[in-house]
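Subject: A two-chain model for you to look at

Hi there,

Here is the structure I promised to pass on. Please open it next to this email, and then read on for what turned up in it.

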Amino acid sequence: MTAPNDRTNDGGVPVPVTPAGARGTAPAEYPPSSPAGRGMFGNQGTGDVSGYGGLVRQRQPIEEASRPYGGYFDEVRDALEEAYPAFGDAIEKVVVDRGELTLHVRPERIAEVCQVLRDDLALRFELCSSVSGVDYLGADERRLHVVYLLTSMTYRRRIRLEAAVSVEAPHLPSVTAIYPTADWQEREAYDMFGIVFDGHPNLTRILMPDDWEGHPQRKDYPLGGVPVEYKGAEIPPPDRRRSYQ
Amino acid sequence: MTTSNYATERETTEGRVFTVTGGDWDTVVSGTDPINDERIVVNMGPQHPSTHGVLRLILELEGETVREARSVVGYLHTGIEKNLEYRNWVQGSTFVTRMDYLAPIFNETGYALAVEKLLGITDDITERATTIRVLMMELNRISSHLVWLATTGMELGAISIMLYGFREREYILDIFETITGLRMNHAYVRPGGVAQDVPDEAIVKIREFLKMMPKKLKEYEDLLSGQPIWLERTKNVAVLDVTGCVALGITGPVLRSAGLAWDLRKTMPYCGYETYEFDVPTHPDGDVWGRYQVRLAEIRESMKLVEQALDRLRPGPVMVADRKIAWPAQLAIGVDGMGNSLEHVAKIMGQSMESLIHHFKLVTEGFRVPPGQVYVAIEAPRGELGVHAVSDGGTRPYRVHYREPSFVNLQALPAMAEGGLIADVIAGGASLDPVMGGCDR
């Protein structure tokens, strides 16, 4: 892909011609992962304004971890497999990264898995520390991820559950019946990402006004802002400034 | 009924609605029928001096008894998490520090620890930087608890303690100003270390503070602990037991006041807290009085920690050695806040073109963080402050989510308030110590 020579981007800076010696193939063709990846330098072709050709990053596939995971992770998995017969069906992937265990759970099974994790004597994840959303735009059909951070106060362990849903059908069961603390956090995830938690007692917006349209933390939702004049120069709003991949 | 000049009333499908602007209580009272309308709904806040910030409470009252309480938050939502996605990783410090404005050092440290874990440089952080972080966090914990004491006192009608609490907090803000250049919103703890070294005069000030503070604490206790009104307003008020706390996700002093010694500094240590000597104060009652006792005891424990951290400060670098991550210069504090490093400016402008390029790249572009996600939790003055940071391999955060203790803890308000008196809603809400800047982010 080559950018036409006469095009200008939003910042008004002319897009340069394709540099000599550049090949029209990957990695140059990687699209920016977010609107934040484009900006004033606005090289639509590579997005790489670093001057170091070929340093454009690529989205790494998430690697499934292999046993043994190390630490308490093996114990947690074994205990869950024993206590939860549908383990093979519910758990899509087990990832160990940077000393943290992540179980990717099929969204419709999330409440069941939480119930077992909370109640089983060998697991005892009593505290749901955090529920948040992440929008992996462009990665997958199921781009909205709900991330649960569970803490076992008894064993002093933490694990992460991740459930992915699509924008078209952003439904998964609420865990509020198991962890009442998830109430507001699920509301926040609904407010910010439009993820619908079925069975939530009062799934309304919490941080944004009730009549707000859209879900601001989605990656295709613009940051907004106006240009500001500073010492005669016009400074574009943050999402229009030059940016590096 | 005659219409007053002050109050406006209108009929809605829900019944008669009054807009109260003050001074019109006769109209309000005469407008309701005390025999048949036993329940009234009172909207308290978001602009109310005793709701601890822009918190709105909707209370359904039967006489003075609260039958239902609902809190409404979001009035201070500033989209910090979204904004972070449009700045580089170092710039994130300046955003997160503004979340919980009474505990900025905690927001920064949580963020820095998360970025360092993503980078895999947790073990490379210098000892001096870690010790300074502990020092700053514990000073910040004291100042945050002092504001809690001050505002809670004020909300319960004890004005003197408000003045005392803010007066002593000023000492700590002075210390922060000496070290970071700013009283609040420091952006001092950065990924890789801290922005600049602690000057000697700050050490002197901290030692002075440590000498002065025990007397002041005694003063607070003399003023409040035996005082009948304070006891009446706090004992057996807004009780929440351990089961309730864990179910609702309540951590920090509120959980400890119910008797569970859950403190992340002890249970899941970070920043070398396992090597310090301190206790985790608890209280058996789980009421406002218990929370008051726990917080006062925590101030004392934090002073112990500050003292130990001071003794451990050994000369050394305060940033990681990796020049691809470390901010290019040791900045200096000028008269008007955080300034430049003249030595560094002279070097990049006059001596070394490579240094200039490096400075430019690191400051404008920032460093890349390998893809992945981490969750780091630290014990903030209000409970577990968790940072969920996601990187996609770029120079900017892909997503940062703060598990804010104020946000989570506020969910306990209905459980504490319902069935009690309206005056106890204030005491219960204050005892949670919500900071709306952190809650709404």
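With 441 residues, what radius of gyration does chain B have, and how does that fit a compact globule? Chain B has 24 Å, which agrees with the value near 22 Å that a compact globule of 441 residues would have. The radius of gyration is taken over C-alpha atoms, and the globule rule is 2.2 Å times the number of residues to the power 0.38.

Some housekeeping before the details. This is a predicted model, in which local features need pLDDT of at least 70 and side-chain atom pairs count only at pLDDT 80 or more, while totals for chains, interfaces and linings use all residues. Residues are numbered from 1 along each chain as its sequence is written, and chains are lettered from A and ligands numbered from 1 in the order in which they are written.

**Chain B as a whole**

The C-alpha trace of chain B spans about 85 × 45 × 40 Å along its principal axes. Chain B contains 18 helices and 12 strands; helices (H or I, at least four residues) and strands (E, at least two) are DSSP runs, numbered from the N terminus. Of its 441 residues, 50% are buried. A residue counts as buried if 20 or more other C-beta atoms lie within 10 Å of its own, exposed if 12 or fewer, and partly exposed in between, with C-beta atoms placed from the backbone.

Two residues are in contact if their C-beta atoms, placed from the backbone, lie within 7 Å. Among contacts in chain B between residues at least 6 apart in sequence, 66% join residues at least 24 apart.

**Two domains in chain B**

The domain assignment of chain B gives domain 1 (8-72) and domain 2 (120-325 + 406-440); such bounds come from an automatic or database domain assignment. Taken over C-alpha atoms, the centres of these two domains are separated by 34 Å. Where they meet, 17 residues of domain 1 are in contact with 18 residues of domain 2. On the domain 1 side, strand 4 (56-62) and strand 5 (65-72) of chain B are the elements that give two or more residues. Strand 5 of chain B provides the largest share, 7 residues. By class, this side of domain 1 has 7 nonpolar, 6 polar and 4 charged residues. Here Ala, Val, Leu, Ile, Met, Phe, Trp, Tyr, Cys and Pro count as nonpolar, Asp, Glu, Lys and Arg as charged, and the others, Gly among them, as polar.

**A helix pair and a histidine**

Helix 4 (residues 104-119) and helix 5 (residues 127-155) of chain B have axes that come within 8 Å and cross at roughly 145°. Axes are lines fitted to C-alpha atoms, for helices over the stretch in contact, and angles run from 0 to 180 degrees between N-to-C directions. From helix 4 of chain B, B:Ile105, B:Phe106 and B:Thr109 meet B:Arg133, B:Met136, B:Met137 and B:Asn140 in helix 5 of chain B.

Is B:His283 buried, exposed or partly exposed? B:His283 is partly exposed, because 18 other C-beta atoms lie within 10 Å. You will find B:His283 in the loop between helix 11 (264-267) and helix 12 (288-312) of chain B.

**The sheet in chain A**

Chain A has an open sheet of 5 strands in the order 1-2-5-4-3, with mixed pairing; two strands pair if DSSP finds at least two bridges between them. Strand 1 (91-97) and strand 3 of chain A stand at the edges, each with a single partner strand, so one side of each has no neighbour in the sheet. Strand 1 and strand 2 of chain A run antiparallel and are joined by 6 bridges, and A:Lys93 stands opposite A:His104 in strand 2 of chain A. Strand 2 (residues 100-105) and strand 5 (residues 157-165) of chain A run parallel, with 3 bridges; A:Thr102 has A:Arg160 as its bridge partner in strand 5 of chain A.

**Where the chains meet**

The contact takes 35 residues from chain A and 39 residues from chain B. On the chain A side, the largest share, 6 residues, comes from strand 3 of chain A.

Happy exploring, and write back with any questions!
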